Amino acid sequence: MSFSQKTKNELAKVISEKPCCQLAELAALIRSIGVLHLYEKRMSLSFHTENSAVGRKIFQLLKKNFSLSPEIIVRRQLLLRKNNVYEILIDDKQAVRNVLEKLNKEDALYTNLRLEDEKMIKKPCCQRAYLRGAFLGSGSLSNPEKTYHLEISGDEDHYCGMVMKLMKSFKLRVGMNKRKDYCVVYLKDAEAIVTFLNLTGAHTALLDLESIRVMKEVRNDINRLVNCETANLSKTVAAAVEQKGLIHYIDNTVGIDSLPENLQEIARLRIIHPEASLKELGELLDQPLGKSGVRHRMDRIKDMAEKIMKRNKKKAGDDSDERATKQDH
């Protein structure tokens, strides 16, 4: 079961105590997955969902607020995922009128389901219920192990704009874009998604997401530390190899004994302990020295080695010129 389905199953069990909140949630469900059927003198209202828990909740809300027992029809999709589709059907004209009128539907012909929802969601508790219904109807939530993304889709800008406005009223960082013939309101920030789950009552999903988020942050911190340690180790090894090579060069040319005593000591320690860091080398000295002090000594050894190299190159060049001159004579 996906994280989105688990969240919807949890929210489907949340039944507001206040009738106004129940109606607000039902209004959002009608707006998102409700379909109004008109043919001759008949009228029906149906809801379609692939989540049985959502279908059960719609049934409960209609029964509690309108004393209705709508028909439940289960169909199996023939294409793609082949999931069950649950249809909750009110096939009675007067019952449909009662539902729509109580939800502030002000359209004499009932030709669309653009309810006057704003009148029903003035109180914060009703706003939270409306957002819960919108998510149950046409929302989805990505697996937080992979990415943080919550969205609610709709087939008209007015509805999406209202959902977006509600989210902003709760200080959520929300965005909206168009996809073909419908619009999408989305949250991409983990903090915003956590706040949304808390507002709508999905507390178990919230704890699961927070747990995953903490694990991801710990894992990322460990990776950063490992990468940092690896990089530092690589630098230490490269520096040690260079230092050891310079010391060998000095030893093979003028000898380590030609160095000042303090440089002789650190040079011999480097030969004996090629894997040691500068800090560790400093601790091995007869008179311990800090990292910066050891680095200073190594820099002096490097300067001396480079001077010896230049002197030897110059000498080799002079010897070459002298031999060439003798050959000419």
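1. V226 counts as partly exposed, because its relative accessibility is 44%; the class lies between buried, under 20% relative accessible area, and exposed, over 50% (1.4 Å probe, protein chains only). V226 belongs to helix α8 (residues 203-253). Helices here are DSSP runs of H or I with at least four residues, strands are runs of E with at least two, and both are numbered from the N terminus.

2. The model is predicted: local features need pLDDT of at least 70, side-chain atom pairs count only at pLDDT 80 or more, and totals for chains, interfaces and linings use all residues. Residues are numbered from 1 along each chain as its sequence is written, and side-chain values use heavy atoms, with hydrogens and water left out.

3. Together with V214, V218 and I222, V226 forms a nonpolar surface patch of about 310 Å² accessible area. Patches consist of residues with over 30% relative accessible area and no salt bridge, with nonpolar side chains (Val, Leu, Ile, Met, Phe, Trp, Tyr) joined within 5 Å and like charges within 9 Å. A salt bridge requires a side-chain nitrogen of Lys or Arg within 4 Å of a carboxyl oxygen of Asp or Glu. The areas come from the Shrake-Rupley method with a 1.4 Å probe, and for residues only the protein chains shown count as cover.

4. One disulfide (a pair of cysteine sulfur atoms within 2.5 Å) is found in a search of the whole structure. The partners are C160 and C183, with sulfur atoms 2.1 Å apart. The link is right-handed, with 90° about the S-S bond. C160 counts as buried because its relative accessibility is 1%, and C183 is buried with a relative accessible area of 1%.

5. C125 is in no disulfide; its nearest cysteine sulfur, that of C21, is 3.4 Å away. C126 is likewise in no disulfide, with the sulfur of C20 nearest at 3.5 Å. C125 counts as buried at 15% relative accessibility, and C126 is buried at 2% relative accessible area.

6. An open sheet of four strands has the order β5-β6-β8-β7 with antiparallel pairing; two strands pair if DSSP finds at least two bridges between them. β5 (139-141) and β7 (175-179) are at the edges with a single partner strand each, so one side of each has no neighbour in the sheet. β7 and β8 pair in the antiparallel sense over five bridges, and R179 stands opposite Y182 in β8.
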